[in-house]
Amino acid sequence: MKKILTLFYLAVLPLFILAQDEPAFGIKFSGFVKSDLIWDTRQTVDIREGHFLLYPKPVLEDKDGNDINAKASYNFLNIQTRLRGDIKGPDALGAKTSGAIEAEFFGTTDADMNGFRLRHAYVKLNWKTTELMVGQFWHPMFITSCYPDVVSFNTGAPFLVFSRNPQIRLTQDFKGFRVILTALSQIDFKSPGPEGTNPGANSKYIRNSAIPSLNLNLEYSKKNAETGREFLAGIAGNFKQLVPRLQTVDGYKTDESINSISGMAYLKLGFPKVVFKAAGLYGQNMFDYTMIGGYCVEETTDTAKGFETYINISTMAAWAEVMTTGKKMQVGLFLGYSKNLGTASPADGAYYTRGTDVSGYDKGYPDDDIDFLFRISPRFIYNAGKFRIAPEIEYTLANYGNADEKFVVQDGENVGNFRFLVGVYYFF
């Protein structure tokens, strides 16, 4: 690993030196060093040792009735530190060419803490009103011009689509209107399924469908640089097909699939001193988007051979944010809500979801399924040149209860967590 990193540095160092003089062609590096100082009032469901917070864990009573998860914790992490290279090149096919490589030390699994992982890597061809992008980038339902500017690395998840995907994206502009068509696969953000430890996330389920996920965005934007006013509104729809098994548990060939759709609308209003953003979403099988939900086995159609059909678990979510736009100081407030809508008809088989305490089932604890989530998160940001300090309070509430045959949760109990976070940045 050290030899690979040494070769990488030797390869990019000359380019880095040349890039400082703003050449016509080449690569320019930027990024930031970030430290996150975190303290939680409760045990949480999270990623990377608590860094990427999703929601609080349910009540887990011992034999004396004491809640095991009612225990505070803290952590200091630097794994969001990031390096980006923006690339310029000569024209090709009558288009301006560009590219980007972006990585951080977040790793790809908890076992890979501090691992240097790829975030974005793409090439763009830009004609007068058309853009073609090929590579890895944000999912097109993560709107890069309208997303929460929270301090937490979760960026508002699980109340919005949070996923980066290999993709082919075509964008066409029509004087303020924009049409974006994208074909996507999966890599780091995978759909769940029956293989491996439940929920068994693996990209093979979408790859074996032989059909890429398809997304269409329709957007209108208008911006006046002189008045500082901006208007952005859009809608988006997504289709995804999974093939969870190639053979049944009894060894018979199967190609039973599950189709899932999702849609969203978003709005951004910009004024000289304040910005308002909001979005609403309905979706099926949203696990790979870092949201609650997924799918389950609807029924076993042939008990002798083990053939199964599948059904989606639906989710709705909405979020809103208001923030000031000062260069030195900013304040902001984020609100999020997400609701488990269950399945369209009763299901009686295995489930592959986020928002269910699978370990609790295995150990005989009461069912702990999420009915809804709520979050409120105020923040303050102070900038001093390239230095930034950003304290944030994040209160997340999860309502846990028992799911019925349609995966609708009954008799819910609220469980909350306060996260006190300070982000310390140095940009370069």
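Q: What radius of gyration does the protein have, and what would a compact globule with 428 residues have?
A: The model is a predicted one, and its overall extent can be set against a simple rule. For 428 residues a compact globule would have a radius of gyration near 22 Å, and the value for the protein agrees with this, because it comes to 23 Å.

Q: What share of the contacts in the protein with a separation of 6 or more joins residues 24 or more positions apart?
A: The secondary structure of the protein comes to three helices and 21 strands, and 46% of the 428 residues count as buried. Among the contacts with a separation of 6 or more, the share that belongs to residues 24 or more positions apart is 64%.

Q: How many residues apart in sequence are the parts that Asp40 and Arg419 tie together?
A: Asp40 and Arg419 form a salt bridge, in which the closest N and O atoms are 2.7 Å apart. Asp40 lies in strand β1 and Arg419 in strand β21, so the parts that this pair ties together are separated in sequence by 379 residues.

Q: Over the face of which residue does Lys277 lie?
A: Lys277 is buried, with a relative accessible area of 5%, and forms a salt bridge with Asp149, the closest N and O atoms being 2.6 Å apart. The two residues link distant parts of the chain, with Asp149 in the loop between β8 and β9 and Lys277 in strand β14. At 5.7 Å from the ring centre, Lys277 also lies over the face of Tyr147.

Q: Which residue forms an edge-to-face aromatic pair with Phe52?
A: The structure holds 27 aromatic pairs, and one of them includes Phe52, with 5.0 Å centre to centre and 75° between the planes. Planes over 60 degrees apart count as edge-to-face, and the partner of Phe52 in this pair is Phe162.

Q: How many residues apart in sequence are the parts that Phe52 and Phe162 tie together?
A: Both Phe52 and Phe162 are buried, and both belong to one aromatic cluster that also includes Tyr147. Phe52 lies in strand β3 and Phe162 in the loop between β8 and β9, so the separation in sequence of the parts they tie together is 110 residues.

Key. Residues are numbered from 1 along each chain as its sequence is written. This is a predicted model: local features need pLDDT of at least 70, side-chain atom pairs count only at pLDDT 80 or more; totals for chains, interfaces and linings use all residues. Side-chain values use heavy atoms; hydrogens and water are left out. Rings of Phe, Tyr and Trp (its six-membered ring) pair if their centres lie within 6.5 Å; planes under 30 degrees apart count as stacked, over 60 as edge-to-face and the rest as tilted. Helices (H or I, at least four residues) and strands (E, at least two) are DSSP runs, numbered from the N terminus. Buried means under 20% relative accessible area, exposed over 50%, partly exposed in between (1.4 Å probe, protein chains only). A charge sits over a ring if NZ of Lys or CZ of Arg is within 6 Å of the ring centre and within 35 degrees of the ring normal. The radius of gyration is taken over C-alpha atoms; the globule rule is 2.2 Å times the number of residues to the power 0.38. Contact means heavy atoms within 4.5 Å. A salt bridge is a side-chain nitrogen of Lys or Arg within 4 Å of a carboxyl oxygen of Asp or Glu.
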